[in-house]
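Me: I would like to go through the labels used for this protein and see what each one rests on. Could you take them with me one at a time?

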Amino acid sequence: MKKLLVLSAVLLSAVSASAVTVDGIFYRCYETGFEEGFSINLYACVSDFDGKESRYNGVVTIPETVIGNNGDTYTVAMIDENTFDGCAISGITLPNTIEVIDEEAFRDCVNLTELTLPEKVRTIDEGAFKGCSGLKKIY
């Protein structure tokens, strides 16, 4: 029993994650950034609401940092897969801290017409903008 408790404690501390909502935007906060290849250790990713269908709309502004439930500051470095899938966003402001745009992050955002990618973006996964028929300009 002791071994099981110790193993459980080690596994729980290896991947520490929490969730926070700021200005109506849901973030998952992680403390393993260096291991994931990010240039920072405490990072957050913009995500959908616990796997439920997102309801983001209008113009969305993502901040460079968010404060987690534990009081730590997390750098927003990623847009999670399917985060804005089918959402009625017409514009989005991404901070210069974004490094990864995951697969199908903006799939079927037909109202999105232009986007400025931050210089730090190193990965845009497959289908990130699939079905964005209104997207005419990417800067």
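Me: Are Phe106 and Phe129 buried or exposed?
Reply: Both Phe106 and Phe129 are buried, where buried means under 20% relative accessible area, exposed over 50% and partly exposed in between, with a 1.4 Å probe and protein chains only. A word on the source: this is a predicted model, in which local features need pLDDT of at least 70, side-chain atom pairs count only at pLDDT 80 or more, and totals for chains, interfaces and linings use all residues. Residues are numbered from 1 along each chain as its sequence is written, and side-chain values use heavy atoms, leaving out hydrogens and water.

Me: Thanks! What makes Tyr43 buried?
Reply: Its relative accessible area is 5%, and the limit is under 20%, so Tyr43 counts as buried.

Me: Why is the pair of Phe106 and Phe129 called stacked?
Reply: Rings of Phe, Tyr and Trp (its six-membered ring) pair if their centres lie within 6.5 Å; planes under 30 degrees apart count as stacked, over 60 as edge-to-face and the rest as tilted. Here the centres are 5.2 Å apart and the planes at 5°, so the pair of Phe106 and Phe129 is stacked.

Me: Which residues form one aromatic cluster?
Reply: Phe106 and Phe129 belong to one, together with Tyr56 and Phe84.

Me: And why is Leu42 called partly exposed?
Reply: Leu42 has 24% relative accessibility, so it counts as partly exposed.

Me: What does Leu42 touch?
Reply: Leaving aside residues up to four places away in sequence, Leu42 touches Tyr30, Glu31, Asp72, Thr73, Tyr74 and Thr75, a contact being heavy atoms within 4.5 Å.
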